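Reader: I have the file open and want to go through it with you. Can we start with the terms and then take the pieces one by one?

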Amino acid sequence: MDITITIGDRHLLLLVTIAAVVLSAGMAAAYNSGLPPYVMGHSIEELNITPLSLDQASGMVGINTTTPTDALHVKGNVRVDSGTLYLIRSGGAQGILMSNLTWPAIEIGSSTTSPLFLLTNNARRVTISGSGRVGINTQMPADMLHVASGNIRVQSGNIMIQDGGLNIISTISGMAGFMSSYLAPPSLQLGTSTNHPLSFMTNNIERMKIDESGNVGIGTSPNQRLDVSGAIAVRGPRAIPATGSGLFLEFGGAAGPNLAAIYGYDYGSSLPRDVVINPLGGRVGIGTPSTSSRLEVLGDVKLSGANPYLQLDRSSGTDWNLSYDGTDDLSLYSVIGGVSTQRVEFQSNGYVYVPGRLGIGTASPSEKLEVVGNIKAGNITAAGNITANNLTASTHLCIGSDCRTAWPSTSGGSLGFNRVVDLGNESQEVSYRTTCALMSDKKVKCWGYNGHSELGISDTTDRYLPETVPLPGNAKSIAQLMYIVFAVLENGEVWAWGYNSGYGDLGCGGCTASVPVRVGTLTGVIKVVTSQGPETPGSACALTSGGTVWCWGYGGLGQMGDGADSNNPLPEQVITSTGPALTGIVDIEMSGGQYASVCGWTSLASGGNVWCWGHNNFGQLGDGTSTNHKNKAVQIQAGPSDVIMVRSTGDNSYTHRCALKSSDGTVWCWGYNGHGQLGIGGNGDGLVHAIPANVGLTGVKSIALGGGQYGSTFAILGPPNDGAVRAWGYNFYGQLGVSGTPKTVPIDPGLSNVKQVAMSGTGSLTTACALLNDGTARCMGYNGYGQLGDGTATSKSIPTSVVGLLDADKIWARGNGAEDYFCALLTNGKLKCWGYNINGMLGTGNAVNSYVPLYVKNLNTE
């Protein structure tokens with residue numbers, strides 16, 4: 001049998017048939033001298049060792065071979081009957097092959113601390129260290145048996161760990177698993193000794209995992225202490241412990257067929273079925289095994305926490321109900337600080353009792369019953385007051401002996417009060433001594449000058465008190481031209497009445513209109529704007545809900561935007577300079593009188609871009625040119641995008657515009673700058689500004705313009721200076737709130753807490769009024785007819801309090817040049833007006849100017 005013994009890095013092949021061979025230096029010397037070799041005083045021939053050879057150059061000895069390749073090369077067997085064969089290498093390491101044992105055996109090993117290696121194919125396969133550790137595929141075993149880079153297979157039999165553990169080291173750095181029996185009492189551990197999960201597999205697929213936090217997952221990576229992907233089956237009746245307490249989950253058994261129950265058990269007490277689940281019917285019983293409803297509770301239900309709530313959802317075709325059996329009253333209580341307070345009682349007779357206040361649509365009712373929204377009822381009985389915007393009954397609603405199917409707005413504590421909603425689209429609008437108001441009953445009332453049937457009541461007699469215009473339907477907005485009034489109805493149609501100058505101002509194709517007539521065949525209209533200005537002819541444009549714009553009237557300067565310089569007696573659609581129709585517009589504005597121009601802008605989602613058309617001799621279209629006019633819409637150049645507001649003022653061709661940006665609240669102005677109204681410096685020089693210029697303000701939330709050719713501009717700031725005002729432009733009468741010459745850059749007039757600014761529309765004799773958040777107003781500028789409302793006719797260059805105006809919600813400037821007047825909508829829905837009144841446009845019942853605000857009479861009744 002061939003045996004290879006390795007000592008260090010030297011190898012020796014032993015064929016165990018030769019007892020011992022020792023070669024002396026004499027043999028080598030004899031060979032070297034040419035003499036016969038000797039061994040222990042005898043020649044080779046005398047020893048009768050014929051197959052012995054010696055390589056004199058290397059000193060290698062061959063037995064039974066003439067070509068030795070090692071120090072001793074034996075071809076055949078080496079036998080040791082009794083004794084030891086030592087294999088000694090340099091450095092003192094010894095290997096031994098022993099047969100002198102007390103029982104027949106052979107030992108192979110080393111007599112020092114050097115390891116023993118076993119090889120195949122000249123590669124070390126097994127290592128036995130000096131301390132007795134065995135390594136397979138590793139030369140540095142770390143445990144008594146260390147298998148590296150390979151598997152251990154047990155074909156039939158066992159692996160026994162008496163005392164200790166079996167460590168399984170992963171190729172992942174630092175990851176280790178173990179199986180240990182070294183426990184007290186005797187048991188077996190299987191796990192990891194590092195911060196890594198333990199997985200269990202079948203068919204090479206992970207079936208269960210225990211993560212490093214101790215969570216167990218079956219069929220999934222766990223997120224909870226026990227995380228199961230799939231069904232869990234628990235079979236058989238519960239096991240009741242002899243002592244102690246616990247929680248039990250039972251399927252079938254005492255719970256009943258096809259039922260599941262959760263029990264809370266305390267030894268020695270009864271076993272109530274705390275929760276019973278009927279999986280077949282999808283029903284749950286708490287405190288009762290009877291589950292006739294989706295959820296049935298025997299006992300009290302308590303909702304706790306910061307914001308507890310009970311939500312009943314409604315699926316398609318199914319109504320969800322919160323009900324009781326009706327044999328007794330059902331009360332809802334709140335418990336705050338240990339104090340129980342009844343909130344609602346549902347009585348068995350069908351009545352509902354609410355001890356406190358009940359809010360429907362509001363969380364903070366101020367009355368016993370407050371409803372935000374509509375109320376539908378057969379009869380309403382109240383011992384106190386009823387306050388509502390509109391009251392409608394299916395048959396009749398009676399207040400005393402006055403029975404109606406519908407009542408208009410309610411205000412001031414009395415029914416039958418019709419509130420004012422609006423006087424027009426903008427706070428500044430030029431009209432010739434006629435006032436119109438949209439009411440809460442969706443009717444329009446007008447009063448004042450009626451020389452061209454501006455009141456729409458088929459005659460030309462002025463009225464000093466409001467008259468209702470006979471419209472064919474409910475109105476939702478109004479707008480005024482010099483001698484014309486437009487009303488947009490809820491159905492999207494536009495109706496008009498007043499003077500038709502022959503240029504198509506009414507939009508009805510050459511008709512006359514002492515009563516309302518329809519403007520073309522427009523539908524879907526949401527807003528009408530007019531050319532303003534103190535002169536005729538005029539023009540108007542309508543914005544539809546589809547984002548298109550339609551114009552009619554005088555068009556000699558491109559005001560129609562339809563590509564022609566002609567008048568339109570009927571509405572025509574505005575197109576762009578590139579050909580297609582203008583679309584995507586969300587708002588429009590217009591001014592300039594006979595020399596009008598129009599601008600519309602898109603939504604912020606579409607970029608907030610501005611398009612303009614019409615008269616352009618001062619660059620008021622903002623497209624970088626001062627060409628006399630453009631009859632198609634052009635986009636403003638090199639100026640703002642994300643625009644949310646554009647305002648303009650002008651007459652006799654002198655128009656300037658300003659736009660407000662949404663993103664940073666900057667103001668950009670362009671057009672005529674004869675009096676510094678652009679706010680960029682300069683006064684009378686460089687009149688044409690065809691490209692929008694940044695005024696230099698930020699954080700502005702609203703802008704207002706007025707004065708026409710003698711224009712002034714106001715900007716209301718947002719946070720952190722919320723309500724502060726900056727003003728610039730024409731200032732001869734101190735209409736900016738300071739004295740002195742025109743202001744070519746923004747100045748601070750000392751106003752604060754401002755909600756809105758309104759300014760009269762044309763001419764140098766202009767007045768500005770600022771409405772404050774507290775409902776009061778401050779006015780400044782020209783005051784020849786009492787426009788300041790301070791009880792005098794003296795113009796003032798400082799903001800002056802309006803007498804008797806304490807609860808205003810919105811303010812308007814109306815009139816033509818110096819013949820201006822102001823109106824304020826109060827929070828109670830009434831209207832007060834002051835200033836010029838030669839044709840009764842203040843609605844006070846006479847034609848006397850008023851230097852303080854007066855109520856408009858006969859306005860707030862149906």
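Author: Terms first: buried means under 20% relative accessible area, exposed over 50%, and partly exposed in between, with a 1.4 Å probe and protein chains only. This is a predicted model, where local features need pLDDT of at least 70, side-chain atom pairs count only at pLDDT 80 or more, and totals for chains, interfaces and linings use all residues. Residues are numbered from 1 along each chain as its sequence is written, and side-chain values use heavy atoms, with hydrogens and water left out.

Reader: Fine. How many disulfides does the count come to?

Author: Seven disulfides, where a disulfide is a pair of cysteine sulfur atoms within 2.5 Å.

Reader: Take C823 and C833. How far apart are their sulfur atoms?

Author: The sulfur atoms of C823 and C833 are 2.0 Å apart. The torsion about their S-S bond is about 110°, so this disulfide is right-handed.

Reader: And where do C823 and C833 sit?

Author: C823 is in strand β64 (residues 819–826) and C833 in strand β65 (residues 831–835), ten residues apart. Strands here are DSSP runs of E with at least two residues, helices are runs of H or I with at least four, and both are numbered from the N terminus.

Reader: C833, buried or exposed?

Author: C833 is buried, with a relative accessible area of 0%. C823 counts as buried too, at 1% relative accessibility.

Reader: What about C769, which cysteine does a disulfide join it to?

Author: C769 is joined to C779, S to S 1.9 Å. The S-S torsion of C769 and C779 is about 115°, so the disulfide is right-handed. C769 is buried at a relative accessible area of 0%, and C779 counts as buried at 0% relative accessibility.

Reader: One more disulfide, please.

Author: C658 and C669 form a disulfide with sulfur atoms 2.0 Å apart. Its S-S torsion is about 105°, so the handedness is right-handed. This pair links distant parts of the chain: C658 in strand β52 (residues 654–661) and C669 in strand β53 (residues 667–672), eleven residues apart. C658 and C669 are both buried.

Reader: Moving on to sheets. What is the order of the four strands in the open sheet?

Author: The order is β47-β48-β49-β50, with antiparallel pairing; two strands pair if DSSP finds at least two bridges between them.

Reader: Which strands stand at the edges?

Author: β47 (585–591) and β50 (629–635), each with a single partner strand, so one side of each has no neighbour in the sheet. Neighbouring strands of this sheet are turned by 10° against each other on average, direction ignored. That angle is between axes, which are lines fitted to C-alpha atoms (for helices over the stretch in contact), and angles run from 0 to 180 degrees between N-to-C directions.

Reader: How many bridges join β49 to β50?

Author: Four bridges, and β49 (residues 610–615) runs antiparallel to β50. H615 has H629 in β50 as its bridge partner.

Reader: And strand β43, why is it largely enclosed?

Author: Five of the six residues of β43 (residues 525–530) are buried, so the rest of the structure largely encloses the strand. Five bridges join β43 to the antiparallel strand β44 (residues 539–544). V529 stands opposite C541 in β44.

Reader: Aromatics next. How many aromatic pairs are there?

Author: Twelve aromatic pairs. Rings of Phe, Tyr and Trp (its six-membered ring) pair if their centres lie within 6.5 Å; planes under 30 degrees apart count as stacked, over 60 as edge-to-face and the rest as tilted. F732 and Y733 form an edge-to-face pair, 5.0 Å centre to centre with 75° between the planes. F732 is exposed at 59% relative accessible area, while Y733 is partly exposed at 24%.

Reader: Which residues form an aromatic cluster?

Author: Y449, Y483 and Y499 form one.

Reader: Which residue lies over the face of F117?

Author: R124, at 4.0 Å from the ring centre. The rule is NZ of Lys or CZ of Arg within 6 Å of the ring centre and within 35 degrees of the ring normal.

Reader: Last one: where does Q709 lie?

Author: Q709 lies in the loop between β55 (700–706) and β56 (712–717). Q709 is buried, with a relative accessible area of 16%. Leaving out residues up to four places away in sequence, Q709 touches G650, D651, Y654, Y672, H675 and Q677, contact meaning heavy atoms within 4.5 Å.
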